[in-house]
Amino acid sequence: MPIAVTAWMILAATGAGFTILRVTGLLGVLTHAERLAVAFVLGIGMIGWLTFFPGLAGHFNGSWFAAILALCSGGLVFARIPARVDDHPPSLNGIEWVLLAGLCAVALMDLSEALSPAADADTMAYHFETPRLFLERGAIFTIPRAIDGATQLLLQMTYAVAMDLGGETAAKLWVMVSGWGLGVLFYVLARRHLERAWALGGVLLLMTTPAVVYSAGTGQVEVRLAAFALLSAYAVAMSAHEDADPPHGFGWVIVAALAAGFFAGAKSTGLIFAFAVCISMLGRTVPFKRMCVFSICVALAGVQWYAFNWS
């Protein structure tokens with residue numbers, strides 16, 4: 001059951017992301033690998049965003065979680081839309097096989113972490129414990145505790161889905177898989193500009209940095225936030241290159257805004273990041289219009305936890 005639930009969440013996240021990319025008109029400008037990676041990262045945020053509302057209404061339970069996953073999975077129908085042709089050679093050379101073997105070794109170590117009991121204090125006392133308390137009550141509520149009682153919990157909502165449908169093992173498998181979303185996204189974006197060996201080497205370096213090794217397979221949110229930040233920064237950069245093609249340019253702005261909004265909805269430092277990304281649009285084509293679109297989409301993606309905590 002934990003494996004099945006984790007697989008379903010992967011499909012649901014990817015489907016939700018495909019829906020966003022379809023609405024923004026970006027499915028056709030990405031290769032198959034690029035849109036899978038981008039869709040998965042966006043879908044992680046979308047599952048957390050959708051799960052907030054049943055919790056607010058007092059329906060924080062498996063039936064609603066299953067309905068959300070089923071709804072998100074429906075977006076996979078957009079996979080039929082043709083992707084941009086990937087002209088990279090499929091065969092690997094010797095150094096690329098070595099780098100790939102290194103990544104497999106890191107993945108196996110992360111899997112062993114996911115199958116072990118949660119060990120870090122933050123996960124046990126907060127990141128997994130808070131959604132567990134919400135599940136017990138069947139609703140989200142403010143915990144009267146200093147510092148982290150009234151905070152942003154978008155990513156912890158996804159932990160609750162995995163925990164309720166598949167138990168603690170599913171939650172640990174989910175954080176492992178969602179942590180690797182950063183590595184996959186890094187690879188496909190780097191591959192646009194680098195040879196495959198350099199892109200694989202960059203991913204191996206990224207996934208073995210101490211911060212990632214320490215927290216990617218735990219309930220701590222920073223690695224998943226890094227994926228949101230990377231996607232948002234890259235998307236806003238792409239929007240500048242797409243000024244000659246306004247539909248795609250604004251599509252990238254919306255993707256950048258949603259990723260930044262999910263960051264803000266998971267941690268308040270995301271507000272600083274979103275502001276920085278918005279300011280970076282000054283000097284672009286129709287900057288005021290783009291900044292307005294960006295701000296509205298950021299608010300839609302991340303404002304609910306701030307409104308809830310304020311109330």
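This is a predicted model: local features need pLDDT of at least 70, side-chain atom pairs count only at pLDDT 80 or more; totals for chains, interfaces and linings use all residues.

User: How is the length of a helix checked, and what span should the 21 residues of H4 have?

Analyst: Helices (H or I, at least four residues) and strands (E, at least two) are DSSP runs, numbered from the N terminus. The expected span of a helix is 1.5 Å times one less than its number of residues. For H4 that gives 30 Å, and its end C-alpha atoms are 30 Å apart, which agrees. Helix H8, residues 196–207, has twelve residues; from first C-alpha to last it reaches 16 Å, close to the 16 Å expected.

User: Which residues of H4 are buried?

Analyst: Buried means under 20% relative accessible area, exposed over 50%, and partly exposed in between (1.4 Å probe, protein chains only). In H4 the buried residues are Glu 96, Leu 99, Leu 103, Val 106, Asp 110 and Ala 114. They cover an arc of only 95° around the axis, which puts them on the same side of H4. The arc is that of the directions from the helix axis to the C-beta atoms. On the other side of H4, the exposed residues are Trp 97, Val 98, Leu 108 and Met 109.

User: What covers the buried residues of H4?

Analyst: Cover is read from contacts, meaning heavy atoms within 4.5 Å. For H4, the cover includes H7 and H8.

User: Which residues of H8 are buried?

Analyst: They are Arg 196, Ala 199, Leu 200, Gly 202, Val 203, Leu 206 and Met 207. Their arc around the axis is only 155°, which puts them on the same side of H8. Helices H4 (94–114), H7 (154–191) and H9 (210–215) are included in what covers them. Trp 198 and Leu 205 are exposed on the face of H8 turned away from its buried side.

User: Which residues of H12 are exposed on the face turned away from its buried side?

Analyst: That face of H12 carries Ile 272 and Phe 275. The buried residues of this helix (residues 270–279) are Gly 270, Phe 273, Ala 274, Val 277 and Cys 278. They cover an arc of only 135° around the axis, which puts them on the same side of H12.

User: Is Thr 6 buried or exposed?

Analyst: Thr 6 counts as buried, at 7% relative accessibility. This residue lies in helix H1 (residues 2–24). Leaving aside neighbours within four places in sequence, Thr 6 is in contact with Ala 170, Leu 173, Trp 174 and Val 177.

User: What is Thr 130 in contact with, leaving aside its neighbours within four places in sequence?

Analyst: Thr 130 is in contact with Ile 143, Arg 145 and Leu 153. Thr 130 is found in helix H6 and counts as buried at 2% relative accessibility. Arg 132 lies in H6 (residues 129–137) and, at 31% relative accessibility, counts as partly exposed.

User: How far apart in space are Arg 132 and Ser 112?

Analyst: They are 23 Å apart, C-alpha to C-alpha, and 20 residues apart in sequence.

Notes
Residues are numbered from 1 along each chain as its sequence is written. Side-chain values use heavy atoms; hydrogens and water are left out.
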